[in-house]
Amino acid sequence: MKFFIDTANLAQIREANEMGVLDGVTTNPSLMAKENIRGEEACRRHYLEICSIVDGPVSAEVIATDFEGMVREGEELAALHPNIVVKLPCTADGIRAVKYFSKKGIRTNCTLVFSVGQALLAAKAGATYVSPFVGRLDDISEDGVGLVAHIVQMYRYYEFPTFVLAASIRHTQHIIQCLDAGADVATCPLAAIKGLLKHPLTDSGLAQFLADHAKVNA
Ligand code: E4P
């Protein structure tokens, strides 16, 4: 399973990249706003900065909601850097735009997916990635990881090449559950990625090794 980081924060992207386990980045308009990136030119510069840090797919989301606007924005984003993946919402116009970009060989990430039916349409339109939102489904007492598993099963059965990108990951347990469900990618906050490292036996074991070493090397 690949690891993407779900942030537009450059320091966090650098930190995850330096760990040596980062395969890509996903952003969305809320994450860009959180970093106070204003205006099209600043957004473009920011995406380029991210692409200069991470050598992997970087999802950049369109703001337009109509087909023509999505195509215009998506083409501009895709032209910025070969690693840019055009992120499009799972709406009728978004699916149409996924198909448009798929025909042109431009990679897409179909986002805001909350059902198997939406994932089916995204795959049929030729999406490179489909993003089911695990945490947001759990927030309303639905089964986010269950949806990931259902999509994985459906794509494998029908041999769709679309990658399942588990999104809206909130904690380490989500990552492990998405791994078990067969997700191709999990896009995670830095804290969840680092959380995978934590184990008290690692800490106490290391402390003991160092103490024993110190005893005979005093
Ligand atoms: C990723 O592509 C999504 O934009 C993101 O994971 C949403 O996460 P949230 O539900 O924590 O906002």
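Predicted model: local features only at pLDDT ≥ 70, side-chain atom pairs only at ≥ 80, totals over all residues.

1. Residues are numbered from 1 along each chain as its sequence is written, and side-chain values use heavy atoms, with hydrogens and water left out.

2. Eight strands form a closed barrel in the order 1-2-3-4-5-6-7-8, with parallel pairing; strands pair if DSSP finds at least two bridges between them, and strands (E, at least two residues) and helices (H or I, at least four) are DSSP runs numbered from the N terminus. Strand 2 (residues 24–26) and strand 3 (residues 58–61) run parallel and are joined by two bridges, with V25 opposite V58 of strand 3.

3. Helix 4 (residues 67–80) has 14 residues, and its buried residues (under 20% relative accessible area, 1.4 Å probe, protein chains only) are F67, G69, M70, V71, G74, L77 and A78.

4. There are seven aromatic pairs in the structure, a pair being rings of Phe, Tyr or Trp (its six-membered ring) with centres within 6.5 Å, called stacked under 30 degrees between planes, edge-to-face over 60 and tilted otherwise. The rings of F67 and Y100 are edge-to-face, with centres 6.1 Å apart and planes at 85 degrees, and this pair links helix 4 to helix 5 across 33 residues.

5. F67 is buried at 12% relative accessibility, and the charged end of R96 sits over the F67 ring, 3.7 Å from its centre; the criterion is CZ of Arg or NZ of Lys within 6 Å of the ring centre and within 35 degrees of the ring normal.

Methods. Expected span 1.5 Å × (residues − 1). Buried < 20%, exposed > 50% of the residue type's maximum accessible area, 1.4 Å probe, protein only.
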